[in-house]
Amino acid sequence: MAKKFYVVWEGREKGIFTDWDTCKRQVEKHAGARYKSFKTRAEAESAFRNGSAPVVKKASAAPRKSSGKGLKTYTAAEVDGLPIHTKIFTDGGCEPNPGQAGSGVAVYREGQISELWYGLYNPAGTNNTAELNALHQALLMAEKEIADNTTVAIFCDSKYSIQCVTQWAVNWEKKGWRKTGGEIKNLDLIQPAFALYMKMKKSVQVLHVNGHVGVEGNELADRMSIHGIDTKETSFARYEEDTSLKEILAMRTG
């Protein structure tokens with residue numbers, strides 16, 4: 001992984017730091033923390049002198065709602081600005097819907113792509129089942145990050161999946177996994193994801209992003225979901241091919 005330089009404009013200690021752990025100690029749970037990573041020392045020094053810092057939310061902040069029961073949708077800039085060590089992006093694809101389904105995940109650490117995952121192919125799936133499968137895998141990954149005392153957030157472009165797991169399932173469980181008006185679809189996928197989320201909800205954010213609007217992690221997860229369909233990979237496998245990001249982003253989209 002390429003060396004990075006971290007500028008802290010507002011934190012316990014201000015300055016330029018050359019490793020994430022030191023930067024994290026300055027900004028984590030610090031009210032009004034402002035910081036950003038840069039690829040070169042020259043860029044970092046220039047930014048520190050100019051004071052051009054983004055305003056970011058604390059790592060412990062809960063997702064904000066836009067209105068009513070809706071979810072706030074995070075822009076690419078807001079995603080980049082969140083002071084989170086590990087950011088996990090999920091997506092699911094289905095061709096047609098219902099039809100062949102696959103799931104994909106992209107994992108970023110310290111702002112750099114770290115892992116890509118694909119698979120869970122289902123020849124008779126739906127877009128919703130593919131999205132729920134991807135979210136479940138992301139929660140499993142988040143559990144490991146939290147066990148290592150690492151801050152983590154999950155970004156998903158499916159409001160349905162987010163709300164099933166983080167909002168609606170609470171009442172469904174209280175009512176014996178029933179809801180007014182009919183059956184709960186995809187309950188076999190929702191229940192394990194919900195149970196996992198409840199174990200660590202104070203330590204993980206599950207946030208919404210729009211698909212295909214330039215959020216790189218979402219785009220990579222999308223390509224992985226389609227790669228899962230193309231390869232018919234039934235397990236959830238790590239993408240190990242020596243391929244550049246540009247080549248991956250040029251792959252077929254969902």
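This is a predicted model: local features need pLDDT of at least 70, side-chain atom pairs count only at pLDDT 80 or more; totals for chains, interfaces and linings use all residues.

I looked up ring pairs and got nine aromatic pairs in the structure. My cut-offs: rings of Phe, Tyr and Trp (its six-membered ring) pair if their centres lie within 6.5 Å, with planes under 30 degrees apart called stacked, over 60 edge-to-face and the rest tilted.

Residues are numbered from 1 along each chain as its sequence is written, and side-chain values use heavy atoms, without hydrogens and water.

I checked tryptophan 9 and phenylalanine 38: centres 6.4 Å apart, planes at 75°, so edge-to-face. Tryptophan 9 is in strand S1 (residues 5–10) and phenylalanine 38 in strand S3 (residues 34–38), 29 residues apart. Helices (H or I, at least four residues) and strands (E, at least two) are DSSP runs, numbered from the N terminus.

Next I took tryptophan 20 and tyrosine 35, with centres 6.0 Å apart and planes at 45°, so that pair is tilted. Tryptophan 20 lies in helix H1 (residues 20–27) and tyrosine 35 in strand S3. Buried or exposed, tryptophan 20? It counts as buried at 5% relative accessibility (buried is under 20% relative accessible area, exposed over 50%, partly exposed in between; 1.4 Å probe, protein chains only). Tyrosine 35 is buried too, at 8%. I also noted that Tyr6, Trp20 and Tyr35 form one aromatic cluster.

Last, I looked at confidence: pLDDT averages 89, and 92% of the residues score at least 70.

Notes: pLDDT is the predictor's confidence in each residue, from 0 to 100.
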